[in-house]
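Please read the numbered points with the sequence and the model at hand.

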Amino acid sequence: AALILLLFLFCFVACVLGMMLFGGQFSTTDPGQFGLGASVIVILPDSEIEQYGTVVAFNSTHPHAQWRVLMRFGEEPAVQEALGLDHIGRVWATRPDDEVSGSAQIVGWSPRNNFDDLTHAIV
């Protein structure tokens, strides 16, 4: 039992260390790797802080921003109101090469979720 506990402790420490060293380091701006389900980095309007999210929809007829992004941290109503998210925590965003004032902008994405959170670091 002590050996198994030691093994789990070692795995946990390795995951946290991997998150500290490699978290967010594998992002790219190559448009060929961007699509639905991609883990993206978004800068919201009136903010300089990068937020993480997942692309959940695409609408080519949307007037300003074509990509619907579900933000990773946006479930609380106060956060949704402060960041300009809808009631589910989503926002319309543009690609990096499209600059639309007042819209969220996708500035990078990860081809895989490498060490970005504890769940993916454990896997």
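1. The five strands form a closed barrel in the order S1-S2-S3-S4-S5, and the pairing within the barrel is mixed. Two strands are taken as paired if DSSP finds at least two bridges between them. Neighbouring strands of this sheet are turned by 55° against each other on average, with direction ignored; axes are lines fitted to C-alpha atoms, for helices over the stretch in contact, and angles run from 0 to 180 degrees between N-to-C directions.

2. The model is a predicted one, in which local features need pLDDT of at least 70 and side-chain atom pairs count only at pLDDT 80 or more, while totals for chains, interfaces and linings use all residues. Residues are numbered from 1 along each chain as its sequence is written, and side-chain values use heavy atoms, with hydrogens and water left out.

3. The protein chain contains three helices and five strands, following the pattern α-β-β-β-α-β-β-α along the sequence. Helices (H or I, at least four residues) and strands (E, at least two) are DSSP runs, numbered from the N terminus.

4. Strand S1 (residues 39–43) runs antiparallel to strand S2 (residues 50–58), and five bridges join them. Within this pair, Val42 stands opposite Gln51 in S2. The two strands form a hairpin with six residues between them, and Asp46 in the turn has a positive phi of about 60°.

5. S2 also pairs with strand S3 (residues 67–71), again in the antiparallel sense, over five bridges. Here Phe58 stands opposite Trp67 in S3.

6. In contrast to these antiparallel pairs, strand S4 (residues 90–94) and strand S5 (residues 104–110) run parallel and are joined by two bridges. Thr94 stands opposite Gln105 in S5.

7. Why can helix H1 be described as lying largely in the open? Of its 21 residues, the number buried is two, so H1 lies largely in the open. Buried means under 20% relative accessible area, exposed over 50%, and partly exposed in between (1.4 Å probe, protein chains only).

8. The length of H1 (residues 2–22) agrees with expectation, because its 21 residues should span 30 Å at 1.5 Å a residue and its end C-alpha atoms are 30 Å apart. The expected span is 1.5 Å times one less than the number of residues.

9. Of the 123 residues of the protein chain, 28% count as buried. Among contacts (heavy atoms within 4.5 Å) between residues at least 6 apart in sequence, 48% join residues at least 24 apart.
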